[in-house]
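User: I would like to learn how to read strand pairing, surface patches and cores in a model such as this one. Could you take me through them in turn?

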Amino acid sequence: MKKLYIPFVILSILSFAVRAQTNTNSDSEAAPFLGLTPDARSAGMGGVGTALSPDAFSFYHNAAATLFSKEKGAVGFSYAPWMRNLVSGSALGSVGGFYKIGSKQSIVAGVRDFFHPDMNISDENGNITDKFTPNEWVIDLGYSRLLTKNLSMALTLHYIHSDMGSYNGADAASAVTFDISVYYQRKTSLVDSATWSVGLQVANIGSKIKYADTKYDLPGKISLGGALNLPFSKNHILNCALDFGYQMIPSGSSNFYAGIGAEYTCMKYAVLRAGYHLGDKDKGYDNYGSVGCGLRYHEISGDFSYLLAGSDSPLKNSYQLSIGIGFGLFCSKK
């Protein structure tokens with residue numbers, strides 16, 4: 001009876017969060033960088049991650065997955081120039097990680113900083129009178145708990161700071177949002193030690209952000225994913241993942257999206273990735289392919305991804321770099 005009760009409570013909480021946040025009439029969006037993929041691994045697999053095996057950047061995709069990591073903890077750094085074909089100086093920098101407390105709890109934390117280029121301020125005649133540099137960042141902090149042997153749940157809080165300049169009476173703005181995520185993993189008999197997993201995340205639910213006298217919505221979304229981990233041997237491992245998502249807030253930017261990706265680890269040291277992301281072009285979201293690669297040395301990793309976007313896409317020539325390290329390198333394993 002207890003096993004049936006827990007999923008019911010989880011779904012009830014998620015349903016309430018979605019209904020509460022979708023009761024809005026605003027069509028304007030702020031801090032769109034919150035919707036960017038912060039790590040090269042996920043970016044190289046078409047943006048999937050809701051049910052992907054845990055790593056240092058699980059704070060963004062699904063913090064509940066961290067309890068199924070074989071490592072005690074991990075930390076990572078990622079850097080991604082953004083729309084560099086259109087404007088120089090825009091980039092997303094991310095630092096994140098997790099640490100397990102015993103076998104049933106973990107904490108996740110991260111910081112994301114979106115770098116903007118300098119922007120000019122002009123008068124009514126088009127003369128440049130001043131310039132400023134927008135400043136936006138978010139602090140992420142979350143807690144994960146194992147509910148049953150195969151099921152975990154997490155709550156992640158985000159504090160968002162956005163400074164778009166002080167002209168026209170606008171001050172720096174802030175907001176607080178949260179994510180609720182669920183992760184379920186089981187073994188499968190396809191090959192020895194193989195597992196499948198399902199993940200669910202409702203993200204960026206909370207307060208609006210206010211500039212001057214106007215309030216703006218933050219990009220709230222819900223995503224559902226599945227993944228299959230196939231370790232054919234110690235030297236050859238295949239990961240496949242599929243995500244479906246819906247950006248529900250603001251209503252003017254609502255759209256469905258999906259991603260599919262695969263990851264192949266060869267000889268424990270080399271990793272190859274590929275994927276495809278589907279977006280709603282009518283809403284301004286592109287379809288694109290992605291490729292990626294990585295190197296592993298014990299518990300130190302380096303990853304690279306590249307988006308295969310069309311010639312007219314603002315995502316053309318976008319790439320991402322990530323570096324990660326597992327705490328198991330310094331902590332003895334039980």
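Predicted model: local features only at pLDDT ≥ 70, side-chain atom pairs only at ≥ 80, totals over all residues.

User: How many bridges join β1 to strand β2, and how many join β1 to strand β18?

Analyst: Two strands (DSSP runs of E, at least two residues, numbered from the N terminus) pair if DSSP finds at least two bridges between them. Here β1 is joined antiparallel to β2 (residues 91–101) by nine bridges, and antiparallel to β18 (residues 319–326) by six.

User: Which strand supplies the largest share of the nonpolar patch?

Analyst: β1 does, with three residues. F77, which belongs to β1, is partly exposed at a relative accessible area of 40%, the term covering values between buried (under 20%) and exposed (over 50%), with a 1.4 Å probe and protein chains only.

User: Which residues have the most contacts inside the largest nonpolar core?

Analyst: In soluble globular proteins, nonpolar side chains tend to be buried together. A nonpolar core is a set of buried Ala, Val, Leu, Ile, Met, Phe, Trp, Tyr and Cys residues joined through side-chain atoms within 4.5 Å; the largest here has 15 residues, and F59, F68, V108 and Y183 have the most contacts inside it. Apart from it lies another core of 14 residues, including A30 and V138.

Technical notes
Residues numbered from 1 in each chain as written. Heavy atoms only, no water. Helix = DSSP H or I, 4+ residues; strand = E, 2+ residues; numbered from the N terminus.
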